[in-house]
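Here is a short briefing to read with the model open beside you.

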Amino acid sequence: MLLVVCLLLLTCLTGQVSATSDSYSSTRGYNGDGLHLGYYQQMLKDKDILLPVDDTVFETDMMPNNTRKHPTVGNGYISTVVLSDTIFMNGLYNGLTLKSHRARIPTVAGIKAAISTKDHTNDKYALNVQHGLFTHVSFVENLGSCVETIYAHRQLKEVLVVEITLERTGNSNKDFEVNLDFNYTSSDDLKSVKETHNVPGLENVKYFHGENIDSEEYDAKEKSVHMLYTNVPSKLVLSNDKKKTFYFLTALGTQKDQVIDAYEKAMEMAKKNVLMNEHANAWLEIWKNGYIDVRGDHNLAQITYAAQYYILSALPSNGTSGDPDFVGLSPTGLAHGIIEDVDYGGHVFWDQDIWMFPPILMFNADLAKVLMKTRTRTLDAARARAAMNGHKGAMYPWESAQTGMETTNARWVALYEQHVTGDIAFAAQQYLYMTNDLDFFKEERGAEMLQNIAEFWIHRAALDKKQMKYIITGVMGPDEYNYPVDNSIYTNYIAVKSLEVAVDCLKRLGKESIKTEVYEIVKDDMYLPFDSKLQYHPEYDGYKQGTKVKQADVILLGFPLMMNMPKSVRYNDLVKYETVSDENGPAMTWSMFSIGWLELKNSSQGNANFKRNFKNVMEPFKMWSEYNDGTGAVNFLTGMGGFLQSLTFGYGGFRIYKDRLEFDPQLPEGSTNITLHNIDYRGGSFTLSFNAAIMSITLTKPGDKDFILSLKESGLDIPLPFGKKVVTSIERSALFVNDSFNPGYSSSCSLKSCAMLLIVSFVFPFHLV
């Protein structure tokens, strides 16, 4: 008790925990004082600042020779690797069935600007993830500067912008010239329908209309792409002006009128000199919805912001679906996807549902719904695939693109790796528990999807009459080194979770029936391999200890699936599989080991596995490779998703339950503070900030009902008032909806009387700020 009181007094006196927005969120411009960003600060001086600049701007003197390390800009509808000759558009693929891949659209946006001079040129390249800008600054003393900025506009989703500003320095009256080089090559994925150099009403603009050569299915209609782009000269000349900005726009879409309208709106913004600021402000609005900020470890902070940026840049803007046919998140985002064996063809895997979905759900519930709708959109295709394979219900493909049918070229994976269907149901369960969005399940086919997935599993499982347990044979778990196997424990348990959420959802909607009773029977009697002697979970029937494992598999039972098991079993699973997991396996594996060890309060092992993530980070723009030697897919959003989960669910200690959201924070080694801004829960949002000893919880957006903060060790249930910061010592806690409160009723009325709350606030370890 003495320690508790001391902590309380220390907190009251020093106020050590505070959200970083206290320091950074304002409408002021950035003046660049004390930072080493050189000329780049000129680009920020008129921008609003929300995030710490030194953690969100990645600068280098030289671009990597390996273009795989070049960063991307995107907005969920279009995306490109900067300075490249290729742009991609959501939903546009080429190739029949197993040869499907993103259709390459040629672009002139990969402009390389170089000052025409014999003098030495000072160059800086910077990616600003706060505002979604890539900039190349070139400067010659006593001559001038050239600032080239590339961005996929966040308000005008169809528009990719290259903005080049020339500024003369010194007293020279000579023309200031900048050479422009770009590589425009035709695409093997598109057939030209029409090309013209004259567009009525638009000057210096070219038009291209193409169609993909081969659609995914034989009877599918070709998909069109219309493109308008500014003609690019060989050089820019600054003659009499002191400073001038040139705009090179590319507008893409599926309809000609759509791209003309977007191009004209972009030109109007450019004339008003607000094109970049409107884009930057739109990015700030996205960040305001929620983000993770790390203090005390600059490298970790940069990696954290980069991971959030790359995932967000592959998603449409908050609250919209961008394109009604938004396909989903590919392991390499929207800026890659030409080659299946290198970047997975831009297809959607379990990566979206298990690895990238959870951190999106925590901070952007509306975007999580967009991802949910990518699965209901393809429900009919999943049902057709189940029927084609002799099954009932919905059987989702291992890889999918526009049509929702199978697109992987690895036929054995398509045949055996069926857990993806359960992974989708598990994501839906998390969405249901975090949002209670019953309208999605009732009106937007969510419940229908879950029921079809449940139907797949009850017919896929067979009753073993010797054990009187349901078994699933001939599958491949996440460990793709060992297949086909019987009773993959991950597959069997994801089937259990699928049946569990189907029953829960249908009951909530008042649709209980004999079917839900069958689901419960199969769920309760599913066979789950367990070695009672060694007290661990074999990966599948006949698994031999020491067998090499590709990636996280059994350990996913503890998290994210949250199987109820003794701590000793969780420990044994971690120990046994950490030693046999492929050291060079996919990036996300070590995040799950980190979460597991942190759950067991083994910070040493948790930190060690967490740091293994850093081997996959590629400098200077904090991109990720699939494997730690730099090979495999880039930019590997799957690994980033796992990494962000290790911060949120590992160090934040968050766990999603049907009736509550638990958290139990602890700091990564070397960090001094972590703030999780605006976590979305049950219609509201809250911020959790913590250091090594104390934490603060602030309700930043009220929900439909009042929230109660439950401190487990202290035994206190504290009403969480809007806008007030509740400060307490670190302990396991939970947030839940207080159904006994009336919506809109004053949060000063709580489970305890106001008088009692005032008394205990002087005794127990919390206070309001």
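Two strands pair if DSSP finds at least two bridges between them. Helices (H or I, at least four residues) and strands (E, at least two) are DSSP runs, numbered from the N terminus. You are looking at a predicted model, in which local features need pLDDT of at least 70, side-chain atom pairs count only at pLDDT 80 or more, and totals for chains, interfaces and linings use all residues. Residues are numbered from 1 along each chain as its sequence is written, and side-chain values use heavy atoms, with hydrogens and water left out.

- Let's begin with an open sheet of 3 strands, whose order is 8-13-17 and whose pairing is antiparallel.
- Its edges are strand 8 (112-115) and strand 17 (235-238); each has a single partner strand, so one side of each lacks a neighbour in the sheet.
- On average, neighbouring strands here are turned by 20° against each other, direction ignored; the axes are lines fitted to C-alpha atoms, for helices over the stretch in contact, and angles run from 0 to 180 degrees between N-to-C directions.
- Strand 13 (residues 176-181) pairs with strand 17 over 4 bridges, in the antiparallel sense.
- Within that pairing, look for phenylalanine 176, which stands opposite leucine 238 in strand 17.

- Strand 25 (residues 661-663) and strand 32 (residues 733-737) run antiparallel and are joined by 3 bridges.
- For phenylalanine 663, the bridge partner in strand 32 is serine 733.

**Helix 18**

- Helix 18 (residues 567-578) has 12 residues and spans 16 Å from its first C-alpha to its last, close to the expected 16 Å; the expected span is 1.5 Å times one less than the number of residues.
- Its buried residues are Val569, Arg570, Asn572, Asp573, Leu574, Tyr577 and Glu578; buried means under 20% relative accessible area, exposed over 50%, and partly exposed in between (1.4 Å probe, protein chains only).
- Those buried residues pack against helix 19 (589-599) and helix 20 (603-611), where contact means heavy atoms within 4.5 Å.

**Lysine 223**

- You will find lysine 223 in the loop between strand 15 (205-212) and strand 16 (224-230).
- Lysine 223 has a relative accessible area of 17% and is therefore buried.
- The lysine 223 side chain reaches the backbone oxygen of glycine 91 at 3.4 Å.

**Backbone details in loops**

- As background, most residues other than glycine have a negative phi, and most peptide bonds are trans.
- The bond from tyrosine 483 to proline 484 is cis, with omega near -20°; proline 484 sits in the loop between strand 21 (469-471) and helix 16 (489-508).
- Glutamate 619 and proline 620 are also joined by a cis peptide bond, with omega about 5°; proline 620 lies in the loop between strand 22 (617-618) and strand 23 (623-624).
- Asparagine 273 is not a glycine, yet has a positive phi of about 60°; its place is the loop between helix 5 (256-271) and helix 6 (275-288), and at 56% relative accessibility asparagine 273 counts as exposed.
- Glutamine 535 has a positive phi too, near 55°; glutamine 535 is in the loop between helix 17 (514-524) and helix 18, and is partly exposed at 29% relative accessibility.

Note on methods: A polar contact is a pair of N or O atoms within 3.5 Å; within protein, one must be able to donate a hydrogen and the other to accept it, and residues adjacent in sequence count only if both atoms are side-chain atoms.
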